[in-house]
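Subject: Structure handover

Hi,

Here is the structure I promised to pass on.

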Amino acid sequence: MPDPAPRSATARQLAFDELDTPLYDTTFVVVDLETTGTSPDGDAITEIGAVKVRGGEVLGEFATLVNPGREIPPAIVHVTGITTAMVYAAPRIEVVLPGFLEFAAGAVLVAHNARFDTAFLKAAAARQDIAWPNPQVLCTVKLARRVLTRDEAPSARLGVLARILGAATTPTHRALDDARATVDVLHALIARVGNQGVHSLTELLDYLPGVTGTQRAKRAFAVDLPAAPGVYLFRGPSDEVLYIGTAVNLRRRVRTYFTGSETRGRMKEMVALALRVDHVVCAHGLEAGVRELRLLAAHAPPYNRRSKFPRRGWWLTLSDEAFPRFAVVRTPTRIAVGPFSARTDAAEVGATIAEFAGLRTCLTRLTAGARHACPPAVVGGCPAARADGELDAAGYAPAVDAVRDLFAGRSGALLHAMLERIETYSAAQHFEAAARLRDRTAAVVTMLHRTQRRAAIARIAELVVARPDGAGGWELAVIRYGRLAAAGTARRGTPPMAVVDQLVAAAETVRPDLGDAASTGFSATHPAMPGVRALRIDTVDRACEADTVGQVSEAADPGSGAFRTPGDGLPARPPGDNGPIGVNGGDRPTGNAPRGRPPRSVVPDLPAAGSGIRPGHDGLPARTPGVDIRPAAPALFDLGPPPEDTVPPLRGAPPEEVGVIARWLAEPGARIVRTSEGYGEPLHGAARWASWAQLAHTAANTLPPAEQYLAER
């Protein structure tokens, strides 16, 4: 509805230097929304209520139902009382939003849990191609938590605050009523801070997160820092390192420690002790992440949470005895899965696998000539117990082999057995038992997949990867046995392969921990991340094989290594195809491309017609009819004789560092430039179960719609 008391001046956005406007002369628009759910992208607004106030006086109100274009879920109807019939004849958000933005123009936007309301308004504006005006936003939830103690207000919900602060309007989960109640809460909270010297909008915004004068005065620490990626180190009175962090932009990130955006109590304590900030400029985010991990290990700063537990990872492994059983250890052995953040998590995963593999959990140590004689039990008991008699070492061996095959990715039989048990429970309507086993199985799959993916990286002697930097250049990394050996960038216009050769020549030498195996020539080739392309593969030991989920099912012809370059010096991708393309190559000439010459011009051309491989429109080998290459799924390979049984899974590489590298490789646009061994995950490993595990985690952590809606409000 129109504003009954329009201001004489044209409404406009507050400038930064106008934030010192006294609170009694500041215009607030307090807004509340009702919606069909909690997702700004998937749900829609059903009602908007807003009240414009200045100096304690109501200037106008805005209220309307909104047709969301869909049915309102029963759970939401139960909470708000707004039915589909009530909004049937209401205007759509395309009609309502421009009027609301005009009503709120030039004012400070206030909402209770402002993140929820502004997210829906921004999403609606984006769908209509309306530029979001980006008003100053004030959240009464945050203000209440700053002003009121837990004893005064154990909850920051609007109904609780309205009752405690004596609001004239009772919230009803209807937009206008809740907006009016929020106005009363806002005025009561502002009155509370007035006697603490908070009289302007600037002072209120500074007061909100509790910024001290000392904290604000140390902003000078960030002045001389570069606007580049890197690592920063806060140093204390004795030049000791207090805290280490990473940043994409060092100056901008360090500056936040001295402003209201930093709300952690320990960080405020650290800033109060800090006397200076050192920094290390890095080539890109991957190098910064790895340097942070290494500096944390070297300095153990007291204000980094990870420094308290430098070796907190636990590994699930098989014990070294005639009748092996699971053991939870700090250092991985030849057959291990991990690391787990908690010992109990490792024990629970081990118990689940032991149950389906028939691996013993009894504590008796058995010699080679002994026999396993645990009696069967109706509930619990040792999984290796047999009703048909005792087990000798040979009879027990298949259970151990099943675990070895599961860890190495040679067989998914145990995972299939878990899924069949879940289906059996569901068919019998034992849904709680099915849900518990679902969650246990998802934990097994998640950890197996994590270990197998990291092991795939750690087994490669040298892996060179490029990723677009967003400005026409490339971020480059040389990875050796799961460790970052060199990092650099090739800016736009710089031939990337020349930079690659320099990085490889200067890269750190890495000696892997091969355990019982002095060496291994085993490899599996695969660029396993979305958007990855192999530019050059020096050696490949085996082709990929077909699997049951429709992954890459053929190996490219040995001569199909030439790519048509798009002008950036790296191979092109077909439009709309971000998937992995496996390329197997035999021995082929190598060399450096002179400046201005495409780097792949030194590679032989594609085979002639009739060779079985046809070049695609981008110069890449064309797909074989009937072969499905999935864009987001890694190709899987039959690993054959397992080096995993003779070497530690990560070959001595720090798990945290391999994890950082794995996440960086999975970023869209990453490409394999060169690899000595090939990159691939096991054919029957946990990769094919990863999407199922993600769905299981989502199902386990999703609240019912009504509870989720109330939690957001």
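Before I get to the sheets, one convention: two strands count as paired if DSSP finds at least two bridges between them. Also keep in mind that this is a predicted model.

With that in hand, start with the open sheet of three strands, whose order is β10-β9-β11 and whose pairing is antiparallel. β10 (326–329) and β11 (336–340) are the edge strands; each has a single partner strand, so one side of each has no neighbour in the sheet. On average, and ignoring direction, neighbouring strands here are turned by 25° against each other. Between β9 (residues 314–318) and β10 there are four bridges, and Thr 317 sits opposite Ala 327 of β10.

What lies across β9, β10 and β11? That is helix α14 (residues 393–408), which runs at about 140° to β9. Asp 405 belongs to this helix. With a relative accessibility of 24%, Asp 405 counts as partly exposed, since buried would need a value under 20%. Leaving aside residues up to four places away in sequence, Asp 405 touches Arg 410 and Ser 411. The C-alpha atoms of Asp 405 and His 684 are 9.1 Å apart, although 279 residues separate the two along the chain.

Next, strand β1 (residues 27–35). Is it mostly covered or mostly open? Mostly covered: nine of its nine residues are buried. As a reminder, side chains in a regular strand alternate between the two faces of the sheet. In β1, one side carries Thr 27, Val 29, Val 31, Leu 33 and Thr 35, the other Phe 28, Val 30, Asp 32 and Glu 34, and all of these are buried. β1 runs antiparallel to β2 (residues 45–54), joined by nine bridges, with Phe 28 partnered by Val 53. With β4 (residues 108–111), β1 pairs in the parallel sense over three bridges, and there Val 30 stands opposite Val 110.

Now the charged pairs. The count comes to 21 salt bridges, and these are some I looked at:

- Glu 657 and Arg 294 have their closest N and O atoms 2.8 Å apart in a salt bridge. Glu 657 is in helix α18 (residues 655–665) and Arg 294 in helix α12 (residues 285–299), so this pair links distant parts of the chain, 363 residues apart. Glu 657 is buried at 4% relative accessibility, whereas Arg 294 is partly exposed at 37%.

- Arg 360 and Glu 321 form a salt bridge with a closest N to O separation of 3.3 Å. Arg 360 is in the loop between α13 (343–357) and α14, and Glu 321 is in the loop between β9 and β10, so the pair ties together parts 39 residues apart in sequence. Arg 360 is buried, with a relative accessible area of 1%, and Glu 321 counts as buried at 12%.

- Asp 501 and Arg 674 are salt-bridged too, with closest N and O atoms 3.0 Å apart. Asp 501 is partly exposed at 24% relative accessibility, while Arg 674 is buried at 9%.

Cheers

How values were computed
Residues are numbered from 1 along each chain as its sequence is written. This is a predicted model: local features need pLDDT of at least 70, side-chain atom pairs count only at pLDDT 80 or more; totals for chains, interfaces and linings use all residues. Side-chain values use heavy atoms; hydrogens and water are left out. Buried means under 20% relative accessible area, exposed over 50%, partly exposed in between (1.4 Å probe, protein chains only). Helices (H or I, at least four residues) and strands (E, at least two) are DSSP runs, numbered from the N terminus. Axes are lines fitted to C-alpha atoms, for helices over the stretch in contact, and angles run from 0 to 180 degrees between N-to-C directions. Contact means heavy atoms within 4.5 Å. A salt bridge is a side-chain nitrogen of Lys or Arg within 4 Å of a carboxyl oxygen of Asp or Glu.
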